[in-house]
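Here is a short report on aromatic contacts and one hairpin. Please keep the sequence and the model in view while reading.

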Amino acid sequence: MTAEIAGHFRALIGAEYVIENAAEREYYSTDISGGGDAIAALVLQPGTVDDLAACAREAAALGPAMIARGGGLSYSKGYVPARAETIIFDMRRLDRIIEIDAAKMSVTVEAGCTWSNLHDALAERNLRTPFFGPLSGIQATIGGSASQNAAFFGSANYGTMRDSVIGLEIVAADGM
């Protein structure tokens, strides 16, 4: 990907959140099971949903494949690029807990929120979710778990990740 194209994203989210370095791109292009056929051309780390949408719109106009990456703990190669003309969206800066509603027994979080952070916030209120995280550990993100329909802690009694989700708000590939 050319420096000019990377410049579009630097202008949108800041240079420090546009990863162009080859070694870092290679790291983000692998999961626990290893690498794939290609290394992503860029890795973007949007910090807000609006930043994510703006970057997705820009990427859609430019034409590369787009992949969302959570905590980087997948075993399934779900975010490993198949071709070099790929932009990876590292979702970990979208890590906010938006709302904990004890009365409705629901939480609203951003995709990059870790299970560990949600657990700690709920524990302060003596609460927890039925499904409370995958085998991949405390750095696993809730969005990554949703994308993989994760199973593990709590699954025998309460089902997989899917069974604990009430709804999703998704930024589509066109940024909408």
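## Aromatic pairs and a hairpin

Tyr-28 has 8% relative accessibility, so this residue counts as buried (buried is under 20% relative accessible area, exposed over 50%, partly exposed in between; 1.4 Å probe, protein chains only). Tyr-27 is partly exposed, because its relative accessibility is 48%.

The model is predicted: local features need pLDDT of at least 70, side-chain atom pairs count only at pLDDT 80 or more, and totals for chains, interfaces and linings use all residues. Residues are numbered from 1 along each chain as its sequence is written, and side-chain values use heavy atoms, with hydrogens and water left out.

The structure holds two aromatic pairs. Rings of Phe, Tyr and Trp (its six-membered ring) pair if their centres lie within 6.5 Å; planes under 30 degrees apart are stacked, over 60 edge-to-face, the rest tilted.

| Pair | Centre to centre | Angle between planes | Class |
|---|---|---|---|
| Tyr-27 and Tyr-28 | 5.2 Å | 85° | edge-to-face |
| Trp-115 and Phe-131 | 5.4 Å | 75° | edge-to-face |

Trp-115 lies in helix α4 (residues 115-123) and Phe-131 in the loop between α4 and α5 (142-148), so their pair ties together parts 16 residues apart in sequence. Helices (H or I, at least four residues) and strands (E, at least two) are DSSP runs, numbered from the N terminus. Both Trp-115 and Phe-131 are buried.

Strands β7 (residues 97-101) and β8 (residues 106-109) pair in the antiparallel sense over four bridges; pairing takes at least two DSSP bridges. Asp-101 stands opposite Ser-106 in β8. Four residues lie between the strands of this hairpin, where Met-105 takes a positive phi near 55°.
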